[in-house]
Amino acid sequence: MKHLKFIPAYFLFLSGIVCWAQDSADYVEFNDRKNVVHGVYLGLGGYYGKIAGKDTYLGSVKIAYVANQQFEVGIIGVGLYSEQNYSSSSFSVGDLVGGYGGLHLEPILFGKSKVNMSFPVLLGGGAVGFLDGDIDDPFTDVNDWEAVFVFEPGINVLYNISRYVQLEAGFKYRFSSNTNFIPEKPKNINGYSVGLGIKIGVFNMGRNRYKKNI
């Protein structure tokens, strides 16, 4: 009931303001511009993790659009090198190399604060293969590339250095489809990774100049 009593008083107050404005000027100019914030960036990252219990190193590149500092959507590519050190009659080195990529989605919490939290997801695919030859020249002979489907959720802590630069530190876990290597080791590229990244771009284009602290 208190809210209902407030409504007529509120409109009466607005009417008084309008009448005063009409008496003091020919027109009134309002700021009705919506405070929509957009962004776009290039991101680079480096990660350490495990595949089948072995040391694995990953690097990533992504391009993304940021909506209202609350949600990212873009594309990402990841390269990996895993020290499987597997050898048999058909594998002379046996380390695993490959890459994957696809759609990048990332909901963001506390986007307008200096420190944020986000939940990135990668959904896509790629290919991996065992090295078969000189480790100093790894891509001259990769044995039997295998296609993989990849789903990789994670959690990040983001730090906004400025309007143009953002740092991220995070943890991810990679789920993949099985491979058909003979012998089948590893059966997939499942595993965790932790690392750091940097985003360079503009995170709040289209700011409302009538409002501060955006």
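Reader: How many bridges join β3 to strand β4, and in which sense do they run?
Author: In this predicted model, β3 and β4 (residues 96-109) run antiparallel and are joined by 12 bridges. Glutamate 72 stands opposite glutamate 106 in β4.

Reader: And what about β2 and β3?
Author: Strand β2 (residues 54-67) pairs with β3 in the antiparallel sense, over 12 bridges. Threonine 56 stands opposite serine 82 in β3.

Reader: How many residues lie between them in the hairpin?
Author: The β2-β3 hairpin has 3 residues between its strands. Asparagine 68, in the turn, has a positive phi of about 55°.

Reader: What is phi of glutamine 69 near?
Author: Phi of glutamine 69 is near 55°, a positive value in a residue other than glycine. Most residues other than glycine have a negative phi. Glutamine 69 sits in the loop between β2 and β3.

Reader: Is glutamine 69 buried or exposed?
Author: Glutamine 69 counts as buried, because its relative accessibility is 13%, under the 20% cut-off.

Reader: Where does alanine 52 lie?
Author: Alanine 52 is in the loop between β1 and β2. Its phi is positive, about 55°, although alanine 52 is not a glycine.

Reader: Buried or exposed, that alanine 52?
Author: Alanine 52 counts as exposed, because its relative accessibility is 51% and the cut-off is over 50%.

Reader: Back to β3. Which residues are on its covered face?
Author: Glu72, Gly74, Ile76, Val78, Leu80 and Ser82 make up the covered face of β3 (residues 71-82). The uncovered face has Phe71, Val73, Ile75, Gly77, Gly79 and Tyr81.

Reader: Which residues touch the most other members in the largest nonpolar core?
Author: Leu80, Tyr100, Val128 and Ile189 do, in a core of 16 residues. Elements giving two or more residues to this core are β1 (38-51), β3, β4, β6 (121-131) and β7 (142-160). Another core, of 6 residues, lies apart from it and includes Tyr41, Ala64, Val66 and Leu158.

Reader: What does tyrosine 100 touch?
Author: Leaving out residues up to four places away in sequence, tyrosine 100 has contacts that include Ile76, Val78 and Leu80, as well as Leu122, Val150 and Ile189. Glu152 and Arg174 are also among the residues tyrosine 100 touches.

Reader: Where is serine 193 found, and what does it touch?
Author: Serine 193 is in strand β9 (residues 191-205). Its contacts, not counting residues up to four places away in sequence, include Tyr47, Tyr48, Leu58, Glu152, Phe171 and Arg174.

Reader: Why is serine 193 buried?
Author: Serine 193 is buried because its relative accessible area is 2%, under the 20% cut-off.

Methods:
Residues numbered from 1 in each chain as written. Predicted model: local features only at pLDDT ≥ 70, side-chain atom pairs only at ≥ 80, totals over all residues. Heavy atoms only, no water. Buried < 20%, exposed > 50% of the residue type's maximum accessible area, 1.4 Å probe, protein only. Helix = DSSP H or I, 4+ residues; strand = E, 2+ residues; numbered from the N terminus. Pairing = 2+ DSSP bridges. Contact = heavy atoms within 4.5 Å. Core = buried A, V, L, I, M, F, W, Y, C linked by side-chain atoms within 4.5 Å.
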